[in-house]
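Please read these points with the structure open beside you. They go from the whole chain to single residues.

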Amino acid sequence: MTATLESVRSRSFAFILGSPHGGGNTEALARYAAEGLPSDAGAGWLSLSELSLPARPAGPLPQGPEKVLLDATLDSTDLVLASPLHWYSVSAATKLYLDYWARWSGLPDVAFRERMRGKNLWAVTAYARGDDSDTEPLTGMLRRTADYLGMHWRGALLARAHREGDLEADPAALARAATFFAPPHHP
C-alpha cells in the first residue's frame, strides 16, 4: 500500500479561545478534547482576551496581536474556535477575530482565501441554558464560513455547563470530548 501525502503529513491545531475570561467551561472542554488529538499533531493555544485585538486594525499591515493571529490561522491545518455561547452565537471576541478574516482576505500578498481552502474548522462550545438546538445559529454561521472559504466543517463539540465542575459531572460530555478529534471510521 502506498502512503498518500495526506496520511504522512502531521496536523497542526490552532485552538482560538474566545471566552472573556480564562479557564471557563468552554476552555476546559477544548482541553479535554485536545487530549485525544492524533499523536503526530501539534497544538497551539491563543486566548483572544489576552491578545486584545483592536476593534479596527492598527495599520495597513498586520502587526502585534493581529499578526500573531494571522500567522497562527494560516500556519495551522485545523482551526478550533472555542467560544462559549453568547446570545446564540460566538463571543464578541470570536466574532471580532472572524471579522478580521474579511480584512485579511483583502490584503495583497497574503492570499488568505487560497490558504484557508482545505483547512479544517471545528467548534467547541459550552452553554449555560437550553439544549443543543440553541447553538444552531453559532454552528450555522461557522459551517457557512467554512463553506465560503472552501474549508472542511468538522462539527461542533457541545456541552451544557454553567458552573465550574459541571463538565466533570457529565461523563457523556467527557466521552464526546475524548473522541471529538478522532478520524472518522470508514467501513
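**Notes on the predicted model**

1. From the N terminus on, the elements of the protein follow the order α-β-α-β-α-α-β-α-α-β-α-β-α. That makes eight helices and five strands. Both are DSSP runs numbered from the N terminus: helices are H or I with at least four residues, strands are E with at least two.

2. On the source: this is a predicted model, in which local features need pLDDT of at least 70 and side-chain atom pairs count only at pLDDT 80 or more, while totals for chains, interfaces and linings use all residues. Residues are numbered from 1 along each chain as its sequence is written, and side-chain values use heavy atoms, with hydrogens and water left out.

3. The radius of gyration of the protein is 16 Å, which agrees with the value near 16 Å for a compact globule of 187 residues. This radius is taken over C-alpha atoms, and the globule rule is 2.2 Å times the number of residues to the power 0.38. The C-alpha trace spans about 50 × 50 × 25 Å along its principal axes.

4. Of the 187 residues, 43% are buried (under 20% relative accessible area; exposed is over 50%, partly exposed in between; 1.4 Å probe, protein chains only). Among contacts with a separation of 6 or more, 80% join residues 24 or more positions apart; a contact means heavy atoms within 4.5 Å.

5. Where does serine 19 sit? Its place is the loop between strand S1 (12–17) and helix H2 (25–34). Serine 19 counts as buried because its relative accessibility is 13%. A polar atom of its side chain lies 2.9 Å from the backbone oxygen of histidine 21. Apart from neighbours within four places in sequence, serine 19 is in contact with Ser49, Ala82 and Pro84.

6. Tyrosine 88 belongs to the loop between strand S3 (78–82) and helix H5 (92–105). Its phi is near 70°, a positive value in a residue other than glycine. Is tyrosine 88 buried or partly exposed? With a relative accessible area of 44%, tyrosine 88 is partly exposed.

7. Alanine 111 lies in the loop between H5 and helix H6 (112–116). Here too a residue other than glycine has a positive phi, near 55°. Alanine 111 has 34% relative accessibility, so it counts as partly exposed.

How values were computed. Polar contact = N/O pair within 3.5 Å; in protein donor to acceptor, adjacent residues only side chain to side chain.
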